[in-house]
Amino acid sequence: MALKITEECINCDVCEPQCPNEAISMGDEYYIIDPDRCTECVGHHDEPQCMVVCPVECIELHPQWYEGQDALMAKYYRLTNSVA
Ligand code: SF4
Ligand code: SF4
């Protein structure tokens, strides 16, 4: 599952540098998460770092992007070019 930033985002810039996969960037109106790069922080941290730091709790699970732990780990390996 990738995560998704909702329109409640206040563009505080806090989450972007915390993402180990460089999945967060500024969108047209507020920050967005690239689902192809978001592993829910699997492979890097025990919990999603963007959710931990967001002051307004506007980051949630992406409703159309379900992935289990194995898929998230595979994405992590792809992004880091390492072997499972
Ligand atoms: Fe980046 Fe982790 Fe947030 Fe996904 S959950 S956007 S990988 S900080
Ligand atoms: Fe938006 Fe939350 Fe990221 Fe701040 S930490 S830019 S409010 S998603």
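A residue counts as buried when its relative accessible area is under 20%. Cys 19, at 17% relative accessibility, therefore counts as buried. The model is predicted.

**Cavities overall**

- The count of cavities of 30 Å³ or more comes to 2.
- A volume of about 80 Å³ is found for the largest cavity, and about 70 Å³ for the second largest cavity.

- The shell around ligand 1 includes the cysteines Cys 19, Cys 38, Cys 41 and Cys 50.
- Leu 3, Pro 20, Asn 21, Ile 24, Ile 33, Thr 39, Glu 40 and Pro 48 also belong to the surroundings of ligand 1.
- By class, this shell holds 9 nonpolar, 2 polar and 1 charged residues.
- The lining of the largest cavity is made up of 16 residues, and those nearest the centre of the cavity are Cys 19, Pro 20, Cys 38, Cys 41 and Cys 50.
- This lining divides into 10 nonpolar, 4 polar and 2 charged residues.

- Cys 38 has a relative accessible area of 8%, so it is buried.
- Cys 19 is buried as well, because its relative accessibility is 17%, and the cut-off lies at 20%.
- Both Cys 19 and Cys 38 are among the residues that surround ligand 1.

- Ligand 2 is surrounded by 13 residues, of which Cys 9, Ile 10, Cys 12, Cys 15 and Cys 54 are the closest.
- The shell around ligand 2 consists of 11 nonpolar, 1 polar and 1 charged residues.
- Cys 9, Ile 10, Cys 12, Cys 15 and Cys 54 also line the second largest cavity.
- Further lining residues of that cavity are Ile 5, Asp 13, Tyr 31, Pro 55, Val 56, Cys 58 and Ile 59.
- The lining of the second largest cavity has 11 nonpolar residues, no polar ones and 1 charged residue.

**Disulfides**

- A disulfide covalently joins the sulfur atoms of two cysteines.
- The disulfide count for this model is 0.

Notes
Residues are numbered from 1 along each chain as its sequence is written. Chains are lettered from A and ligands numbered from 1 in the order in which they are written. This is a predicted model: local features need pLDDT of at least 70, side-chain atom pairs count only at pLDDT 80 or more; totals for chains, interfaces and linings use all residues. Side-chain values use heavy atoms; hydrogens and water are left out. A residue is near a molecule or strand if one of its heavy atoms lies within 4 Å of it. Ala, Val, Leu, Ile, Met, Phe, Trp, Tyr, Cys and Pro count as nonpolar, Asp, Glu, Lys and Arg as charged, and the others, Gly among them, as polar. On a 1 Å grid over the protein atoms alone, a cavity is a set of points where a 1.4 Å probe fits but cannot get out, and a pocket is an open set with protein on both sides within 12 Å along at least five of seven lines; lining residues have an atom within 4 Å of a point. Grid points are joined across faces, edges and corners, and a volume is the space filled by probe spheres set on the points. A disulfide is a pair of cysteine sulfur atoms within 2.5 Å. Buried means under 20% relative accessible area, exposed over 50%, partly exposed in between (1.4 Å probe, protein chains only).
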